[in-house]
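Me: I would like to go through the salt bridges of a protein chain with you. Please keep the terms plain.

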Amino acid sequence: MELGALLVDQNRHDEARKVLEPLTQHGNDSHRGQAFYHLGRDEYRTDHAAEADKDLDEAIKYDPDILNTVRGNLLRGLVYEDLKRPDDAARSYQLALTVDKDAAQPLEGLVRLSLAAGKTDEALTYWRRYTAAVGDDFDGLLTAADFALRLQHWDDAFDLASKARDQKFHEKE
């Protein structure tokens, strides 16, 4: 199982499937659920959201708690976003926040979905939480600055981008 997960992480998709697909047929339900979960991750990484959704459904059949993590719900939300199912994506991100209320990635997804739906007040609430969650993370600060621009919070965008710049200013490109 771990080998299959590592291969997915390394984008060695064909090899990952060769390891994981047999595991979906044998073993206890928990292992089969994990195999389907990692196959879903692999399908998502190769831009096959519909197949990823099916694999995640299969994972839940074998292990109903397999997605009850931040990472599991985040993956489900990302798959739903790719499938143009924003309400389901938002529910998945909300479920991720029940596991960790300060998880940055689900908050980022909720900001993105709220902005796409034109729900500026909702996006602003999630953006504030996201900004606090990323702390001093460089990439998080840049994303928060981008969201601030989209929310027309010019001063906040400038402050966040400046904070990110100051962190990386001393590094050579």
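Reply: Start with Lys 61, which counts as exposed at 59% relative accessibility; exposed means over 50% relative accessible area, buried under 20%, and partly exposed in between (1.4 Å probe, protein chains only). This is a predicted model, where local features need pLDDT of at least 70, side-chain atom pairs count only at pLDDT 80 or more, and totals for chains, interfaces and linings use all residues. Residues are numbered from 1 along each chain as its sequence is written, and side-chain values use heavy atoms, with hydrogens and water left out.

Me: Which residue meets Lys 61 in a salt bridge?

Reply: A salt bridge is a side-chain nitrogen of Lys or Arg within 4 Å of a carboxyl oxygen of Asp or Glu. Here the N to O distance is 3.0 Å. The partner, partly exposed at 23% relative accessibility, is Glu 58.

Me: Is Asp 53 buried or exposed?

Reply: Asp 53 lies in helix H4 (residues 49-62). Its relative accessibility is 11%, so Asp 53 counts as buried.

Me: How far apart are the closest N and O atoms of Arg 85 and Asp 53?

Reply: Arg 85 is partly exposed, with a relative accessible area of 31%. Arg 85 forms a salt bridge with Asp 53, and the closest N and O atoms are apart by 3.4 Å.

Me: How many salt bridges does the rule give?

Reply: Another pair is Arg 165 with Asp 166, at 2.9 Å. By this rule the count is 17.

Notes
Helices (H or I, at least four residues) and strands (E, at least two) are DSSP runs, numbered from the N terminus.
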